Amino acid sequence: MKVFLTLQLIIAGVCFQLTSCGYPETPMVRLKGPNDKVELVFFYEKETSYDEKQFFENNILHKSNPEGKGYDLQQGVSGEFLVRISGYEGYAIEFYPNTTPEQRESIKKAIESSPIVYRVYENVVPNEIKDLDEANKPKQ
């Protein structure tokens, strides 16, 4: 009898565990990548040093966390990811749907005005950018 009761408890526990682990009603969040259209993409000049990039990322792309624990994304930015194409490195930036035009423009202008930024693109698929070296090609 004890074996039968123990077996029932084990089976009930396994069934409970199997049904409690899944979250089928929770929609999946898909993060964007280099094959997706993103709102803003920029690339650093090729000769930009690591320290220059760090300073830019900490002061333009991010803001200090108020609790002193690292950095947060700028207000209105929902995400960003590193992009590398043709020897250039930069970031793709996405905004929240409710980000104001002023917030978007402020971030874009801060990026464009930096002397270490080579090019800025809007509403593009990063992996489809083909003209990064156009400015460096000799004129014919």
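**Aromatic pairs and buried charged residues**

At a relative accessibility of 17%, Y118 counts as buried, because the cut-off for this class is under 20% relative accessible area. The structure described here is a predicted model. Y118 pairs with Y88, and the two rings are stacked, with 4.7 Å centre to centre and 10° between the planes. This is among the six aromatic pairs that the structure holds. Y88 belongs to strand β5 and Y118 to strand β6, the latter covering residues 117–124, so the pair ties together parts that lie 30 residues apart in sequence. Y88 is buried as well, its relative accessible area being 3%. The ring of Y88 also has a charge over it: the charged end of K46 sits there, 4.6 Å from the ring centre. Elsewhere among the aromatic residues, F42, Y44, F56 and Y91 are linked into a cluster by ring pairs.

The protein chain as a whole contains three helices and six strands. Read from the N terminus, these elements follow the order α-β-α-β-β-β-β-α-β. The chain has 140 residues, of which 32% count as buried. Among contacts in the protein chain with a separation of 6 or more, 59% are between residues 24 or more positions apart. The accessible surface of the chain amounts to about 10,100 Å², and carbon and sulfur atoms account for 57% of that surface.

E94 is located in strand β5, which spans residues 88–95. E94 counts as buried because its relative accessibility is 13%, a value below the cut-off of 20%. A polar atom of the E94 side chain lies 2.7 Å from the backbone nitrogen of E39.

K108 is part of helix α3, which is made up of residues 101–112. With a relative accessibility of 14%, K108 counts as buried. When neighbours within four places in sequence are left aside, K108 is in contact with L40 and E122.

Conventions
Residues numbered from 1 in each chain as written. Predicted model: local features only at pLDDT ≥ 70, side-chain atom pairs only at ≥ 80, totals over all residues. Heavy atoms only, no water. Helix = DSSP H or I, 4+ residues; strand = E, 2+ residues; numbered from the N terminus. Buried < 20%, exposed > 50% of the residue type's maximum accessible area, 1.4 Å probe, protein only. Polar contact = N/O pair within 3.5 Å; in protein donor to acceptor, adjacent residues only side chain to side chain. Phe/Tyr/Trp six-rings, centres within 6.5 Å; stacked < 30°, edge-to-face > 60°. Lys NZ or Arg CZ within 6 Å of the ring centre and 35° of its normal. Contact = heavy atoms within 4.5 Å. Areas by Shrake-Rupley, 256 points an atom, 1.4 Å probe, with all protein chains shown as cover.
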